[in-house]
Amino acid sequence: MSAPEESLDLARVAGRAAADKFAEEVIGLDVSELVVITDAFLVCSGETERQVAAIVDGIEEALLTERRRKPLRREGEREARWVLLDYGDIVVHVQHAEDRVFYALERLWRDAPVIDLQIDADRTA
């Protein structure tokens, strides 16, 4: 059983918003079978703290305007090295590129199926 369609939709909206802010390596992971606290993770990164903050702002704005959703919790905004946005159904991780390599969330959650975020490949490179 995979994540509910609503969670997949939220991940796609967040993924497109991240790509619009030139986030790198935008990936969605269906963790619904692996954890009980959420259905999906969205992981992406930016080269600088300023870009991380812009990606976070873009995701929050898109989910609010397109799906009327606000994060239940947010962590890490002050340092803008690893910002976590918890929407309940999905958890968004926006990391500084250096931190992303170090923590390697994709490797940690490698058993999770990848979600097709329906983003043009050129926008996520």
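User: Which residues does Asp39 touch, not counting residues up to four places away in sequence?

Analyst: Please note that this is a predicted model. Not counting residues up to four places away in sequence, Asp39 touches Ala3, Pro4, Ser7, Leu29, Asp30, Val31, Ser32 and Asp89. Asp39 itself belongs to the loop between strand E1 (24–30) and E2.

User: How far away is the nearest side chain of opposite charge from Asp39?

Analyst: Side chains of opposite charge can pair when their charged atoms come close. For Asp39 that nearest side chain is Arg69, 8.5 Å away. Asp39 has no salt bridge, yet it is buried.

User: With which residue does Arg69 form a salt bridge?

Analyst: The partner of Arg69 is Asp89, and the closest N and O atoms of the two are 3.2 Å apart. Arg69 is buried, its relative accessible area being 18%, whereas Asp89 is partly exposed at 23%. Asp89 is also one of the residues that Asp39 touches.

User: How many salt bridges does the structure hold?

Analyst: The count comes to 12 salt bridges. One of them joins Arg74 to Glu77, with the closest N and O atoms 3.8 Å apart. Arg74 counts as partly exposed at 43% relative accessibility, and Glu77 counts as partly exposed at 39%. Another joins Arg100 to Glu106, where the closest N and O atoms are 2.2 Å apart. Here Arg100 is buried, with a relative accessible area of 5%, and Glu106 is partly exposed at 23%.

User: What does the side chain of Ser32 reach or contact?

Analyst: Ser32, like Asp39, is found in the loop between E1 and E2. Its side chain reaches the backbone nitrogen of Ala3 at 3.3 Å. The side chain of Ser32 also makes a polar contact with the side chain of Asp30, at 2.6 Å. Ala3, Asp30 and Ser32 are among the residues that Asp39 touches, and this gives a picture of the surroundings of Asp39.

User: Let us turn to the nonpolar residues. Which residues have the most contacts inside the largest nonpolar core?

Analyst: That core has 30 residues, and those with the most contacts inside it are Val26, Ile59, Leu63, Ile90, Val92 and Val94. Two or more residues are given to this core by each of helix H1 (5–20), strand E2 (40–46), helix H2 (49–67), strand E4 (82–86) and strand E5 (90–96). H1 supplies the largest share, eight residues. Apart from this core lies another, of 10 residues, including Val31, Val35, Phe41 and Val43.

User: Is Val13 buried or exposed, and which residues does it touch?

Analyst: Val13, which has its place in helix H1, counts as buried because its relative accessibility is 1%. Not counting residues up to four places away in sequence, Val13 touches Ala62, Leu63, Glu66 and Arg67. From Val13 to Val94 the separation is 81 residues in sequence and 15 Å in space, C-alpha to C-alpha.

User: How many aromatic pairs does the structure hold?

Analyst: A pair of aromatic rings is described by the distance of the centres and the angle of the planes. The structure holds three aromatic pairs. In one of them, the rings of Phe41 and Trp109 have centres 5.3 Å apart and planes at 80°, so the pair is edge-to-face. Phe41 lies in strand E2 and Trp109 in the loop between helix H4 (105–108) and strand E6 (114–115), so this pair ties together parts that are 68 residues apart in sequence. Phe41 is buried, with a relative accessible area of 8%.

User: At what angle are the planes of Phe102 and Tyr103?

Analyst: Their planes are at 90° and their ring centres 4.9 Å apart, so the pair is edge-to-face. Phe102 counts as exposed at 64% relative accessibility, whereas Tyr103 is partly exposed at 42%. Together with Trp82, Phe102 and Tyr103 are linked by ring pairs into a cluster.

Methods:
Residues are numbered from 1 along each chain as its sequence is written. This is a predicted model: local features need pLDDT of at least 70, side-chain atom pairs count only at pLDDT 80 or more; totals for chains, interfaces and linings use all residues. Side-chain values use heavy atoms; hydrogens and water are left out. A nonpolar core is a set of buried Ala, Val, Leu, Ile, Met, Phe, Trp, Tyr and Cys residues joined through side-chain atoms within 4.5 Å. Buried means under 20% relative accessible area, exposed over 50%, partly exposed in between (1.4 Å probe, protein chains only). Helices (H or I, at least four residues) and strands (E, at least two) are DSSP runs, numbered from the N terminus. Lys and Arg count as positive and Asp and Glu as negative; His and the chain ends are not counted. A salt bridge is a side-chain nitrogen of Lys or Arg within 4 Å of a carboxyl oxygen of Asp or Glu. Contact means heavy atoms within 4.5 Å. Rings of Phe, Tyr and Trp (its six-membered ring) pair if their centres lie within 6.5 Å; planes under 30 degrees apart count as stacked, over 60 as edge-to-face and the rest as tilted. A polar contact is a pair of N or O atoms within 3.5 Å; within protein, one must be able to donate a hydrogen and the other to accept it, and residues adjacent in sequence count only if both atoms are side-chain atoms.
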